[in-house]
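Let's take a walk through this structure together, moving from strand pairings to helices and back again. Have the viewer open and follow along as we go.

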Amino acid sequence: MAETTQLELVTPARIMAQKSVQMVVAPGVEGLFGVLPRHAPLLADLTRGIVEVHEDGKVTDRFMIDGGLADVSGESVTILAERAIDLGSADAATLKEKAANANEAEAAFLNAVIEAL
Amino acid sequence: MASLKDLKTRINSVKSTQKITAAMKMVAAAKLRRAQEAAEAGRPYADRMRGVIANLAAKADASSAPALLVGNGKSTTHLLVVVSADRGLCGGFNGSITRQTRTEVARLQGEGKTVKLLMVGRKSADALRREFGDIYIASLEGIQGTSVAFADAADLGETVRSGFENGDFDVCTMIYNKFVNAITQEVKLTQLIPAEVGDAGGDDAGSNYDYEPEEDELLASLLPRIISTQIYSALLESSAAELAARMTAMDNATRNAGDMIDRLTLVFNRTRQAAITNELIEIISGAEAL
């Protein structure tokens, strides 16, 4: 078993993901960065984009986040995002409906999610 | 002694009161489940945020770090953000917040500080208006209660932050009810500005964080968000606690109404019996007199 790092993706509403993974790719404000186990401690501001979770050399989960904060230490990655959507289980039609009823900021995020699908 | 008719009226009025309290209890219980879930689901986010900020505050260099994090070096003016409910009938919920606020204001004024109040929720604002109305900087309604929106918390956070930056106050503390379980609420004081320094740095002491972007830039975007998050989590806790308090209070009220109905019914029956006995005695003695 390869070395892993503990990923947590948390929003104000709930914990979106919590598991041991090989690599996380996150959308920093200064560009995408990957986090492997034993990464140096890092505190990074995130922008709207996709968080990719890598396990066994493959991308297993993709989450769209609307900016946030990544707290990286040697053995864990904690991503705090105000909004996040699991792209694996999202469905464009329902999102479109939500976007129509949402306020401006929320709708912009949802439209970005629909585009990414 | 009350007449039979009076007793009947009283019993009926207590019965309708009981129906109302029972319904309110039911409504509170149904809403509580959702509010409780929201409050508990929001805790991890707020906790992690607090962890990050405590870490930052512990490592921050007092001279160069932003004032939001380490304060502006003064503590002469205090702002208290008081979170109570918009509606009453929830037991000691608003009372304990009001009492705590009064103590805290007295303590700070006793130390010679200037105190300002930002009231969230109508009840405590009304209760304290006569005493402290002149030190209110704002009184907000309708942003907590059954549904709390992050946007409202963010607006409130923005108000607090801009107030701090304009030098309206030096220290900001929030007073709210924390939801413990359905029958217990705990009054909590949380300091928002400057950030509370936790016992951080324990696990990876000495490790220096890398920042992306630069530390100042990162903190500038992060700190307002942290304040909003803390306010949001306090509002969630408070709304769950309010519903729990209302449920308990209404449950007690329903039970008390039941007891009262029992007592009144007993008196009613006795009175009726006494009236019947009286009539019988009158008839019998009338018959004997013939």
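This is a predicted model: local features need pLDDT of at least 70, side-chain atom pairs count only at pLDDT 80 or more; totals for chains, interfaces and linings use all residues.

How many bridges join strand β5 of chain A to β6(B), and do the two run parallel or antiparallel? Three bridges connect them, and β5(A), residues 42-55, runs parallel to β6(B).

Helix α1 of chain B covers residues 4-59, and its axis comes within 5 Å of the axis of α6(B), crossing at roughly 160 degrees. Because angles over 145 degrees count as roughly antiparallel, α1(B) is roughly antiparallel to α6(B). The crossing in which α1(B) passes α6(B) is left-handed. The residues of this helix contact comprise 30 nonpolar, 13 polar and 10 charged ones.

Now turn to the sheet of chain B. Its five strands form an open sheet in the order β3-β2-β1-β4-β5, with mixed pairing. At the edges lie β3 (136-140) and β5 (184-193) of chain B, each of which pairs on one side only. On average, neighbouring strands of this sheet are turned by 20 degrees against each other, direction ignored. Helix α6 of chain B, residues 215-289, packs on this sheet, where it touches β1, β4 and β5 of chain B. The direction of α6(B) makes about 40 degrees with that of β4(B).

Within the sheet, strand β1 (residues 77-83) and strand β4 (residues 171-181) of chain B run parallel and are joined by five bridges. One residue pair to pick out is B:Val81 with its bridge partner B:Met174 in β4(B).

To finish, return to chain A for an antiparallel pair. Strands β3 (residues 23-28) and β4 (residues 31-35) of chain A are joined by five bridges, and they form a hairpin with two residues between them. In this pairing, A:Gly28 has A:Gly31 in β4(A) as its bridge partner.

Note on methods:
Residues are numbered from 1 along each chain as its sequence is written. Chains are lettered from A and ligands numbered from 1 in the order in which they are written. Two strands pair if DSSP finds at least two bridges between them. Helices (H or I, at least four residues) and strands (E, at least two) are DSSP runs, numbered from the N terminus. Axes are lines fitted to C-alpha atoms, for helices over the stretch in contact, and angles run from 0 to 180 degrees between N-to-C directions. Two residues are in contact if their C-beta atoms, placed from the backbone, lie within 7 Å. Angles under 35 degrees count as roughly parallel, over 145 as roughly antiparallel, 65 to 115 as roughly perpendicular and the rest as oblique. A crossing is left-handed if the near helix is turned anticlockwise from the far one by less than a right angle, and right-handed if clockwise. Ala, Val, Leu, Ile, Met, Phe, Trp, Tyr, Cys and Pro count as nonpolar, Asp, Glu, Lys and Arg as charged, and the others, Gly among them, as polar.
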